[in-house]
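The sequence and coordinates are displayed first, and the findings follow.

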Amino acid sequence: MNKSEPAGKLPGAGALAPSSATTPAREKDATKKHIRGSTLLLIGRMISMALNFGVQIMTVRYLSKSDYGALAYALSVVSMSTSAVLFGLDKAIARFVPIYEEREDHSRMVGTVVLALATVLVLGLILVVGVITLDNIVFTRVASDPLSAMLLVTIIALAPIQALESLLQGLFAVFAKPSAIFFRKNLLGPGIKLVVVAIAVLLRANVQFIAVGYVVGALLGILVSLTLLLQILRSKPWIKEIKLPQIKLPFREVFGFSTPLLTTDMLVIVRSSLVVVLLEALRNTTEVAEYKAVVPFAGLNLLVYQSFKYLYTPLASRFVERKEVAKLNDLYWQTAIWISVITFPIFATTVSLAEPFAVLMLGKRYAGTGVLLAILAFGEYFNAAFGYNSYTLQVHGKVRYIVAVDIMTAVLSVGLNMLLIQRFGALGAAIGTTSVLVLYNTLNHAGLLMGTGIQLFKRQNLQVYAGIAAATVGLLILEMTINPPLYVGIFLVAVLSLVLLLVNRRRLQVERFFPEIMKVPILKRLLAS
């Protein structure tokens with residue numbers, strides 16, 4: 001930390017003020033670099049989506065509902081355990097590593113990485129040894145279904161492996177290597193899962209085979225990630241200057257930031273994994289299967305959002321450190337508008353065409369799950385369309401506000417889901433999850449007024465969202481009155497999506513971010529602002 005900073009004050013926290021410092025030429029338009037790099041990750045995410053859908057569809061169609069429900073339960077518990085092992089350190093890396101790099105404080109920068117990796121390894125080892133040692137308790141008390149318990153013990157090692165992978169992905173983003181994220185996260189990871197499931201289908205293997213294959217594939221993936229990271233670090237000039245005795249472990253700064261933000265991870269657990277656990281406990285694995293089968297399709301609405309987020313937090317942290325208000329505001333809203341417009345076709349399909357889409361993807365056994373898909377998809381799009389409000393609050397160090405919102409919505413989520421699941425099953429889980437997600441996003445968006453420099457109500461931004469709302473309502477009215485076949489509905493979605501793109505081309509500024517597109521005459525006529 002700088003000597004001028006008060007003790008205990010988080011780097012970069014507090015209100016922003018305009019800076020007169022001259023930005024280096026290589027970062028003259030950092031938002032442009034962010035959008036272009038994120039678009040590469042979006043392409044990778046689309047490839048990943050296709051591979052993951054192959055995994056999802058093959059698994060759902062191959063396994064019985066009870067077997068798939070048991071596997072989904074075990075994976076949900078592993079997801080909860082991953083968040084516990086990660087201990088919020090992925091957020092700390094995304095915030096502190098770029099800040100220390102900006103200050104050329106390489107000893108603390110490396111110390112942050114070492115501290116995060118060591119913590120995850122120790123917590124992961126404790127978790128795995130504990131679960132294996134106490135397997136009798138897992139079989140008798142944790143899960144109501146014996147198969148669910150057996151699968152959980154089999155794949156619990158995924159938790160520390162996935163936590164380590166999250167840290168490495170964060171480092172790839174900090175050091176501006178979208179290509180590494182593109183290959184490891186979007187190609188290798190889902191590709192390995194697809195191979196595992198395909199082999200299981202060919203060999204007519206059981207669900208335990210798939211579980212073991214997931215663990216082996218994850219181990220292979222972490223080895224590849226470590227190799228990529230070492231290659232990146234070798235290219236850094238400061239890596240040769242760092243000596244082991246010089247490394248400083250910033251315990252206070254890192255854990256002072258990550259520990260309170262465990263509430264954010266807790267909320268994600270409550271909103272996703274805990275809902276599945278409650279469904280298994282209060283209903284049965286069949287309802288777990290119906291709910292979890294549509295979750296990935298609702299998650300399509302986060303496709304662009306998840307792709308852009310890797311580069312957002314490190315860049316936003318640099319802007320906060322430099323006190324560059326205008327650039328942060330531009331970064332926030334350009335990212336949010338791109339996410340909203342590009343995601344609209346997915347949103348419209350998963351809401352207005354939810355039932356025929358679900359049956360087409362999952363088979364007739366899952367008829368009736370369209371309403372679950374539509375409800376969940378609305379919540380995910382609402383979360384994505386208004387940008388990275390929670391991440392922006394994090395880089396500003398608004399920890400108390402974040403914790404307060406997290407705790408309040410987590411408590412509400414548990415109570416509401418228990419009530420609704422007990423009465424309505426999977427439908428109650430969808431309603432409860434979406435309601436809390438909308439409230440959570442709204443409160444975080446309001447928090448941007450707390451000295452972040454983000455302007456919430458600019459007219460040109462409101463016009464974009466008004467157009468999206470009008471297109472959505474119009475499509476729903478057509479679907480409810482005419483009820484056309486699926487292919488007609490998809491055509492209508494495509495037309496409305498093109499109209500939104502053309503209407504908002506001035507706000508998207510395509511020529512700013514992708515000038516090479518303007519070299520194509522027809523695209524230039526359509527997209528030039």
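## Salt bridges

A salt bridge is defined here as a side-chain nitrogen of Lys or Arg within 4 Å of a carboxyl oxygen of Asp or Glu. The model is predicted: local features need pLDDT of at least 70, side-chain atom pairs count only at pLDDT 80 or more, and totals for chains, interfaces and linings use all residues. Residues are numbered from 1 along each chain as its sequence is written, and side-chain values use heavy atoms, with hydrogens and water left out.

Glu-321 belongs to helix α14 (residues 303–322) and Arg-103 to the loop between α3 (89–102) and α4 (106–133), so the pair ties together parts that are 218 residues apart in sequence. Helices are DSSP runs (H or I, at least four residues), numbered from the N terminus. Glu-321 is buried at 19% relative accessible area, and Arg-103 is buried at 18%. Buried denotes under 20% relative accessible area, exposed over 50%, and partly exposed the range in between (1.4 Å probe, protein chains only).

Glu-287 and Arg-283 also form a salt bridge, their closest N and O atoms being 2.9 Å apart. Here Glu-287 is buried at 13%, whereas Arg-283 is partly exposed at 32%. A further salt bridge links Lys-91 and Asp-90 (3.9 Å, N to O); Lys-91 is buried at 11% and Asp-90 partly exposed at 23%.

A cavity is a set of points, on a 1 Å grid over the protein atoms alone, where a 1.4 Å probe fits but cannot get out; lining residues have an atom within 4 Å of a point. Grid points are joined across faces, edges and corners, and a volume is the space filled by probe spheres set on the points. Two cavities of 30 Å³ or more are found in the whole structure.

The second largest cavity has a volume of about 40 Å³. Its lining consists of Phe-347, Ala-348, Val-351, Ser-352, Thr-472, Leu-475 and Leu-476. The elements giving two or more residues to this lining are α15 (325–352) and α21 (459–482), and α15 provides the largest share, four residues.

## Nonpolar surface patch

Val-195, Ile-199, Leu-202, Leu-203 and Phe-209 make a nonpolar surface patch of about 490 Å². Patches are made of residues with over 30% relative accessible area and no salt bridge, nonpolar side chains (Val, Leu, Ile, Met, Phe, Trp, Tyr) being joined within 5 Å and like charges within 9 Å. Accessible areas come from the Shrake-Rupley method with a 1.4 Å probe; for residues, only the protein chains shown count as cover.

Helix α8 (residues 178–203) gives the largest share of the patch, four residues. Ile-199 lies in helix α8 and is partly exposed at 36% relative accessibility.

Note on methods
1 Å grid on protein atoms, 1.4 Å probe; cavity = no way out; pocket = protein on both sides within 12 Å on 5 of 7 lines; lining within 4 Å.
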